[in-house]
Amino acid sequence: MELTKIQKEAVEKILGYYSPIEKVNVDFKAPTGSGKTLMASWIISSIIERNLSEKFVFVIATPSSSSLPFFFEQKIRVYKKDLPYSKFDVEYIESPSSSQTDKTEATTKIK
């Protein structure tokens, strides 16, 4: 799946914040259905591709009482075939304490 022109611009802008030396947190928000998961997938893939000698672990934590975190992981798996770099693993990990709280904490780990 390809990015739209607006998505490409947003991805490049976010990639501009990446620094291998300095810790930088970047949050981006967009409406439902705007392609946030696709853009996040392209960002992750591009960072890996541009820094092949480095090792990365991306952790995406989502407090959610729905199946959204699971579907996030599944979408990344589908998008991988169209990404600039796709030789990475995606793992969905459900919080062991999720049955004890009203909200499920889930993590999608990409390495």
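Reader: How much space lies in the largest pocket?
Author: The model is a predicted one. Rolling a probe the size of a water molecule over the atoms shows where empty space is left. For the largest pocket, the space comes to about 1400 Å³.

Reader: Which residues that line the largest pocket are the closest to its centre?
Author: The lining of the largest pocket consists of 39 residues. By class, 24 of them are nonpolar, nine polar and six charged. The closest to the centre are Val-26, Phe-28, Ala-40, Ile-60 and Phe-72.

Reader: Which helices and strands each supply at least two residues of that lining?
Author: The protein has three helices and three strands, and along the sequence they follow the pattern α-α-β-α-β-β. Those that each supply at least two residues of the lining of the largest pocket are α1 (5-15), α2 (36-50), β1 (58-64) and α3.

Reader: How far apart are the end C-alpha atoms of α3, and what span should its residues give?
Author: Helix α3 runs over residues 68-79, which is 12 residues.

Reader: Where around the axis of α3 do its buried residues lie?
Author: The buried residues of α3 are Pro-69, Phe-72, Glu-73, Ile-76 and Tyr-79. They cover an arc of only 125° around the axis, which puts them on the same side of α3. An α-helix has 3.6 residues a turn, so residues three or four places apart point the same way.

Reader: Is Gln-7 buried or exposed, and which backbone atoms does its side chain reach?
Author: Gln-7, in helix α1, has a relative accessibility of 10% and therefore counts as buried, the cut-off being under 20%. Its side chain reaches the backbone oxygen of Ser-34 at 2.8 Å. The side chain of Gln-7 also reaches, at 2.8 Å, the backbone nitrogen of Thr-4.

Reader: How far apart in space are Ile-14 and Phe-28?
Author: Ile-14 belongs to helix α1 and is buried, with a relative accessible area of 14%. In sequence, Ile-14 and Phe-28 are 14 residues apart. In space, their C-alpha to C-alpha distance is 8.6 Å.

Reader: How many residues of α2 are buried?
Author: The 15 residues of α2 should span 21 Å at 1.5 Å a residue, which agrees with end C-alpha atoms 21 Å apart. Among the buried residues of α2 are Met-39, Ala-40, Trp-42 and Ile-47. In the protein, 33% of the 111 residues count as buried. α2 is mostly covered, and its buried residues number 12 of 15.

Reader: How far apart in space are Tyr-92 and Glu-73?
Author: Tyr-92 lies in strand β2 (residues 90-94) and is partly exposed, with a relative accessible area of 25%. Glu-73 is one of the buried residues of α3. Tyr-92 and Glu-73 are 19 residues apart in sequence, while in space their C-alpha to C-alpha distance is 6.2 Å.

Notes: Residues numbered from 1 in each chain as written. Predicted model: local features only at pLDDT ≥ 70, side-chain atom pairs only at ≥ 80, totals over all residues. Heavy atoms only, no water. Helix = DSSP H or I, 4+ residues; strand = E, 2+ residues; numbered from the N terminus. Expected span 1.5 Å × (residues − 1). Buried < 20%, exposed > 50% of the residue type's maximum accessible area, 1.4 Å probe, protein only. Arc of directions from axis to C-beta. 1 Å grid on protein atoms, 1.4 Å probe; cavity = no way out; pocket = protein on both sides within 12 Å on 5 of 7 lines; lining within 4 Å. Points joined across faces, edges and corners; volume = space filled by probe spheres on them. Nonpolar A, V, L, I, M, F, W, Y, C, P; charged D, E, K, R; others polar. Polar contact = N/O pair within 3.5 Å; in protein donor to acceptor, adjacent residues only side chain to side chain.
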